[in-house]
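Please find below a colleague's note on the structure shown here. It is arranged as numbered points.

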Amino acid sequence: MSEQIESMEEYKGSAGLARYWDIELNSSDDEEREWREEGENVVDRYRADKEMSGIGREKKFNILWSNTETLKGALFARMAKPEIRRRYLDRDPNGKQVAELLERALEYSSDVYDERDIIAGAIEDYLLPGRGVVWVVKEDIMIEVDAVDEFGFATGEKIEEIGDQRVYFEYVHWEDYRESPAKRPEDVRWKARRHLMTRDDLRDLSPTQADKVPLNWSPSETGEYNSDDVFRRAEVWEIWCEDTRKRYYVVKGFPALLLEEDDPYELENFFPTPKPIISIKTNGSGVPVPEFRLYQDQADELDRITTRIAKLTDGLRRRGIYDGSIPELAKLAEAADNVFIPADNYANLAQKGGLAQSMQTEDISQTAGVLTGLYQQRAQLIQTIYEVTGISDVIRGSTNPNETATAQRLKGQFGSMRLKQRQDQIQRFVRDLYRIRAELIAEHFQPYILQNMTGLQVTPEMLQIMRSDKLRSYRIDIETDSTVFEDAQMEQRNRIEFVNTMGAYLEKAIGIVQVAPEMTPIAFQALEFMVRGFKIGREFEDLIDEAKQNSMQQMQQMKQQQQQMQQQGPPPDPKMIEAQQKAQLKNAELQQKGQLKGAELQQKGQLEMAKMGQDAKIDREQMAVDAQIAREKNMTDAEIELLKGAGMM
């Protein structure tokens, strides 16, 4: 029995914590010891190991291998694709961009790391020992770059920065996993996985303790592997403790921690692994149960029957005795088809009654009857095992030609009921792995790495959503094409049904309203009643209310116009209105003609006045010239002579 502890607070320091985790790991070992021993036997039986427990080296009918291979294909045919969408399918540009970016990042990671074999390994553990585990690992690839100052000039120093980031899945063998004993997965306090590390690995992990750690694992317990350090490894346990939200590295029996660090991933649910897939679980214990345990008795009996069939078949030979005085009978037993043996004394053979009296074979009819009964019993036993496991004959691809199609369909449906539950469990397991990976990418990846990986621009608004658990959960939903398939189909059917129903109703309602506008309120009321019957109809309620209000306003305006027309009296005679319009047009025409005539006369008068003014100016200038000429003529000769003498002429 392992030591019992009440609180982690009792253990302080590196040595104390190392002792604490020794106790916790031993407690988990004790809790699951019987299951691990049984799991090893189941795996040996699946592998048809000659040293496996049970019936030893006798003939086997490996029904375990057959059932496991059938279920492998039925439970996991392909790797599910991530499908990330807006949670409420409404208009949310930032949520749409975040969903598209994370979906591309998940698709890229899944394609690059080819994780189908990892999931297949966990499913094999799920079907054989009964528990499958996959771990999500984040890795930052650091590179050295030249340091620069605040002005962008190189300082001559080297610094490390993130060159690349990766998030991938790792298969954890069922024997390399431990967890705190608990009745429910929700109550698990810590989870651990085992690593086999070389001395160099230890130095990278814990330089101060690496050389002191014992290499306590070897490929075999005896021989050269046990003494040569080249083949030996240290069993290092990586422990994630939810109570302290820390990660520890310890070696069982070593009196110090190798490493203690704060939560490196900062996941919302802390653990970097989803709930393990467990084949058979109950509410009273968290220890798995191998499925083979449920039909092991029938499988053992099947092996015994197969052994008896093999022994009886081996003894089911044609044997007999013959008359030694006729040596030709010995050659007859070894003769091929259509070969006749010559007899030297045929008359003697005929006298003794021929071949019928000269030789006699052993009666094997009783042995053949026993074999027939054993084959029938084995077939019934196999069918019993199929009923226990829920694998129907239709799922296996074998049918009875005497059964009707209805009978085969019913067997297929009932055979798939339990299978469907198990498929859902596997699909949820893969979805949870994608969710952990998406959370790590959203919260830890650098924007430039996301842009290079997805080809999409990362905006501050997108980063705000991705870096927050709550905002991201509010805006997007992370599923796979397997988990969302049925929901998507149902959503499509509901939308098609809604559109068809609404279209048919509107076509009839519009025709009625056009004939009888007073039926509009009733038509809208009936439309609202119909829309509320569909979940998707919630998106249309506001639009219907708005259309209803607009329609009622238009009807109110029409009523007011009618009331005004009634108050103004009967409408005028159309002929009178036409005559008035013609008179108005005539007056407008005459007025326009008068305006044109007046403008013409005004322009003509202006031209006449301008002409008269120009003539008067010319007359004045002519009169001035004539006056000058007259003055010059009236001057005396004496004046002329005087002017000439003065040099002025």
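1. Basis of the note. This is a predicted model, in which local features need pLDDT of at least 70, side-chain atom pairs count only at pLDDT 80 or more, and totals for chains, interfaces and linings use all residues. Residues are numbered from 1 along each chain as its sequence is written, and side-chain values use heavy atoms, with hydrogens and water left out.

2. Packing of H7 and H11. Helices (H or I, at least four residues) and strands (E, at least two) are DSSP runs, numbered from the N terminus. The axes of helix H7 (residues 296-315) and helix H11 (residues 365-389) come within 10 Å and cross at roughly 160 degrees. Here axes are lines fitted to C-alpha atoms, for helices over the stretch in contact, and angles run from 0 to 180 degrees between N-to-C directions. H7 and H11 are therefore roughly antiparallel to each other (angles under 35 degrees count as roughly parallel, over 145 as roughly antiparallel, 65 to 115 as roughly perpendicular and the rest as oblique). Their crossing is left-handed, that is, the near helix is turned anticlockwise from the far one by less than a right angle.

3. Residues between H7 and H11. Among the residues in contact (heavy atoms within 4.5 Å) are Leu302, Ile305, Ile309 and Leu312 of H7, which meet a set in H11 including Leu371, Leu374, Arg378 and Leu381. The residues of this contact divide into 12 nonpolar, 6 polar and 3 charged. In this division Ala, Val, Leu, Ile, Met, Phe, Trp, Tyr, Cys and Pro count as nonpolar, Asp, Glu, Lys and Arg as charged, and the others, Gly among them, as polar.

4. H11 itself. At 1.5 Å a residue, the 25 residues of H11 should span 36 Å, and the end C-alpha atoms are 36 Å apart, which agrees; the expected span is 1.5 Å times one less than the number of residues. The buried residues of H11 include Leu371, Arg378, Ile385 and Thr389 (buried means under 20% relative accessible area, exposed over 50%, partly exposed in between, with a 1.4 Å probe and protein chains only). After H11 comes Gly390, with a positive phi near 85 degrees.

5. Packing of H3 and H13. The axes of H3 and helix H13 (residues 447-454) come within 9 Å and cross at roughly 70 degrees; the two helices are therefore roughly perpendicular to each other. Leu101, Arg104, Ala105 and Tyr108 of H3 make the contact with Leu450, Met453 and Thr454 of H13. These residues divide into 5 nonpolar, 1 polar and 1 charged.

6. Most residues other than glycine have a negative phi. Asp114, however, has a positive phi of about 45 degrees, and is placed in the loop between helix H3 (93-113) and helix H4 (116-127). At 54% relative accessibility, Asp114 counts as exposed. Glu266 has a positive phi of about 55 degrees, and lies in the loop between strand E8 (259-262) and strand E9 (277-278). At 51% relative accessibility, Glu266 also counts as exposed.

7. Val133, in strand E2 (residues 131-148), is buried, with a relative accessible area of 3%. Residues touched by Val133 include Ala122, Tyr171, Pro276 and Phe429, not counting residues up to four places away in sequence. Ile391, in the loop between H11 and helix H12 (405-444), is buried, with a relative accessible area of 4%. Ile391 and Asn67 are 324 residues apart in sequence and 8.0 Å apart in space, C-alpha to C-alpha.
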